[in-house]
Amino acid sequence: MNSPQTSASQHPAHHMPIPGLTDPVPVARPITPRADGRIDLLGVARPAITELLIEAGLEPKAAKLRAKQVYHWIYHRGVTDFAEMTDIAKGLRPWLSERFVIGRPDIVTAQISSDGTRKWLLSTTDGHEFEMVFIPDEARGTLCVSSQVGCTLNCTFCHTGTMRLVRNLTPGEIVGQVMLARDALGEWPKGNMAGFAPDTDEEDEEDTYSPDGRLLTNIVMMGMGEPLYNFDNVRDALKLVMDGDGLALSRRRITLSTSGVVPMIARTGAEINVNLAISLHAVTKQVRDEIVPINRKYGIEELLEACAAYPGASNSRRITFEYVMLAGKNDSDADARELVRLLRHYRLPAKVNLIPFNPWPGAVYECSPPDRIRRFSEIIFESGISAPIRSPRGRDIDAACGQLKTSAARMTRAELDRLAEEKLAALEVGD
Ligand code: SAH
Ligand code: SF4
C-alpha cells in the first residue's frame, strides 16, 4: 500500500484529475488528505486500518486486534479521541494520536429551519464546501448526503449543476457526514461496548446502545453530485454505514439517487444493493435531452431496462422515480400517461415522487401550479402507481434536497449557457 502522505502530496485535492466530462472515471482517493501528515482514519475500512497499523510498526497480530478495537470506537461509538479508547493500553493511545487522527468534515455554518429541517455547510480539510441536510418527520429522520463538490452533469433545473465539479468526496468525507449528523443529534451509544467491555449487569438500560428511537433513520444520496460518478468512494462509504460492526444502518433505509448513469446501475445492485432512485424528470427524448443532458448518452429505454434488471426490484422493494414539476415543460396529462405507460411496459415495481421545482436565482423554469401537480399525481395514482407530492422542507433556509447551495462561485447565465454547450458537445463526441 502506498503511503497516503505521498499520494496526497503528489495529487493535492484541487489538482485531482477528473478524466472527461461525462465519464469521470472514479479516481481512487481513499484517504482524506491532511496537511499535518497524520493519517485520517475516518472512512478507512478495518483491513486497511490493520495495514496502516502494521506500516506504523505494530506486529500483524497486535495490529489486527487494535484495528478491531479502533474500528469499533470510530464507527460504532463515534469517538474522535484515542484517549477515550479505554480498552486500548494506556501507552498505546498517545502513540496512535501521534500518527493518526479521526476527523470530521469542518462545519462552516449550521442552520435550523422553523420546520425542524437542519442544514449544514461543510468543508473538506482542503477548503471545498459541500452541504448536508437533515429532514425529520413523524415516521423517520432522513439525512441527505453529498457525494461530490459540484456536479459535471449540468441538469438545467438543478443548482448544483451550475457549479463546476471541484472534486469527488473521499469515503471519509461521505461517511463523515453521517457521523457528523450523529454527533449533532447526540446519537452515539454511550453505554458499555457490546462484545468488548466485561458483561457486568443489565443496569444502565438507558445508557446502552439501542437502534430504536433514533432521530436519524434513513440516508439518501441526494445531496450535491452524481453518486455513480464517484462509485468506488460512495460504495466504500456506504459499506461502512451498513456494516453491523460499524454504523449499522440497514440497506433498506438507504437510497441512492442517480440521474441515469446506466453502465453503473448493475454494479450498484451487485456491490452496494441499496434502494434505487432514478431522476427521470421527463418521458420524451426531446425534453429529457434538454433537462437531464446525460439522456443524450443513455436514453430512457436503456435506463428503464437497467432498472428492470436491478436486483430485488419487486413490489416490496420498489424503485423510486423522481419527477421535478416544471411548468409547461414536463407536466401535461399526456406526460403523466406516458410515464404510466413506460413504467408498465418495463414492468417496473415503481413509485413516483413528484418534486415541486425549487427555484433558484437565474433558473429558467417555474414550478408547475399546485392544480397541475395534483392532476398529474391523480393520473398516476389512478393507474395504481403511488405518486405522492413531496412537500418542500426547510424553504426558509434553502434546504431542499437537490437544491443545495454553497458559497462556491456563482456563474452568470451566459457562463452557464456556455458551460452547458461545452458539456453537450462533449457528450456528442462521446457517442
Ligand atoms: N445527482 C443525483 C443525486 C442528487 S440530485 C441525481 O440527479 O439523482 C437529488 C434530486 O433533487 C434529483 O432528483 C434532482 O433532480 C432533484 N433536484 C435538483 N434540483 C432541483 C430543484 N431545483 N428543485 C427540485 N428538485 C431538484
Ligand atoms: Fe448533477 Fe443530479 Fe443536479 Fe443533475 S440533478 S446536475 S446529476 S446533482
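Me: What share of the 431 residues in the chain is buried?
Reply: Buried residues make up 54% of the chain. "Buried" is under 20% relative accessible area, "exposed" is over 50%, and "partly exposed" is in between (1.4 Å probe, protein chains only).

Me: And where does the model come from?
Reply: It's a predicted model, where local features need pLDDT of at least 70 and side-chain atom pairs count only at pLDDT 80 or more, while totals for chains, interfaces and linings use all residues. Residues are numbered from 1 along each chain as its sequence is written, chains are lettered from A and ligands numbered from 1 in the order in which they are written, and side-chain values use heavy atoms, with hydrogens and water left out.

Me: How many helices and strands are there in the chain?
Reply: Twelve helices and 13 strands.

Me: What's the strand order in the open sheet?
Reply: S3-S4-S5-S6-S9-S10-S11-S12-S13, nine strands with mixed pairing. Two strands pair if DSSP finds at least two bridges between them. S3 and strand S13 (350-356) sit at the edges with a single partner strand each, so one side of each has no neighbour in the sheet. From one strand to the next, the twist averages 20°.

Me: OK, start at the S3 end. Which way do S3 and S4 pair?
Reply: Antiparallel, over six bridges, with S3 covering residues 106-112. Ile107 stands opposite Leu122 in S4. The hairpin they form has five residues between the strands, and Gly116 there takes a positive phi near 95°.

Me: Is S4 (residues 118-123) mostly covered or mostly open?
Reply: Mostly covered, with five of its six residues buried. S4 also pairs in the antiparallel sense with strand S5 (residues 129-136), over six bridges. Trp120 has Met132 in S5 as its bridge partner.

Me: What's in the turn between S4 and S5?
Reply: Five residues separate the two strands of that hairpin, and Gly127 in the turn has a positive phi of about 85°.

Me: What are the neighbours of S6 on either side?
Reply: S5 pairs with S6 in the antiparallel sense over four bridges, and a hairpin of four residues joins the two. Strand S9 (residues 218-221) runs parallel to S6, joined by three bridges.

Me: Switching to helices. Which residues of H2 are buried?
Reply: In H2 (residues 46-55), Ile49, Thr50, Leu52 and Leu53. Down the axis of H2 they fall within an arc of 165°, so they line one face of the helix. That arc is taken from the directions from the helix axis to the C-beta atoms. Just after H2, Gly57 takes a positive phi of about 120°.

Me: How do H2 and H3 pack?
Reply: At an angle of about 130° with the axes 8 Å apart; H3 is residues 60-76. Axes are lines fitted to C-alpha atoms, for helices over the stretch in contact, and angles run from 0 to 180 degrees between N-to-C directions. The two helices are therefore oblique: under 35 degrees is roughly parallel, over 145 roughly antiparallel, 65 to 115 roughly perpendicular, and the rest oblique. Residues making the contact include Ile49 and Leu53 of H2 and Ala63, Ala67 and Tyr71 of H3.

Me: One last thing, where's Ser386?
Reply: In the loop between helix H11 (370-382) and helix H12 (413-430). Its relative accessibility is 22%, so Ser386 counts as partly exposed. Leaving aside neighbours within four places in sequence, Ser386 is in contact (heavy atoms within 4.5 Å) with Arg318, Lys351, Val352 and Phe381. Lys351 is 35 residues away from Ser386 in sequence and 5.2 Å away in space, C-alpha to C-alpha.
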